[in-house]
Amino acid sequence: MTPVRVDLLLKSLCLAKTRSQAHKGCDSGSISINGRKAKPSTEVRAGDVVEIRHPRAVTAVEILEVPAGQVPRKDRDRYIRVIRETRIDAGVGEEWDV
């Protein structure tokens, strides 16, 4: 499967509400791929680990398969495996809304 931009992937898998919010998350340094800060145009492939730092939580997912388009929330387990979900105190973290 062809790699896809991280901002598109986050939107396609319902990990961000909109592509612009995913873009904002990358710009603020809240998104990393395989431990490295990601730009919105960074390509993601199957096997990559994407970490998303929300204002009150950190979620790390492994990409099992890159989707060809929008994926319904109920079907996204086919494409990702949640590695870690951690809650953090309110008020800590970057200010972007997903």
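I took buried to mean under 20% relative accessible area, exposed over 50%, and partly exposed in between, with a 1.4 Å probe and protein chains only. Helices (H or I, at least four residues) and strands (E, at least two) are DSSP runs, numbered from the N terminus.

I noted that this is a predicted model, in which local features need pLDDT of at least 70 and side-chain atom pairs count only at pLDDT 80 or more, while totals for chains, interfaces and linings use all residues. Residues are numbered from 1 along each chain as its sequence is written, and side-chain values use heavy atoms, with hydrogens and water left out.

I looked up the overall layout and found two helices and seven strands, in the order β-α-α-β-β-β-β-β-β along the sequence. Of the chain's 98 residues, 42% count as buried.

I then turned to α2 (residues 19-27), where Q21, A22, G25 and C26 are buried. Seen down the axis of α2, these buried residues fall within an arc of 145° (taken from the directions from the helix axis to the C-beta atoms), so they line one face of the helix. The face turned away from that buried side carries the exposed residues S20 and D27. The cover over the buried residues includes α1 (6-12) and β2 (31-33), and α2 is followed by G29, with a positive phi near 85°.

Last, I checked R56, which sits in the loop between β5 (49-53) and β6 (57-63) and is exposed, at a relative accessible area of 52%.

Definitions and conventions: Contact = heavy atoms within 4.5 Å.
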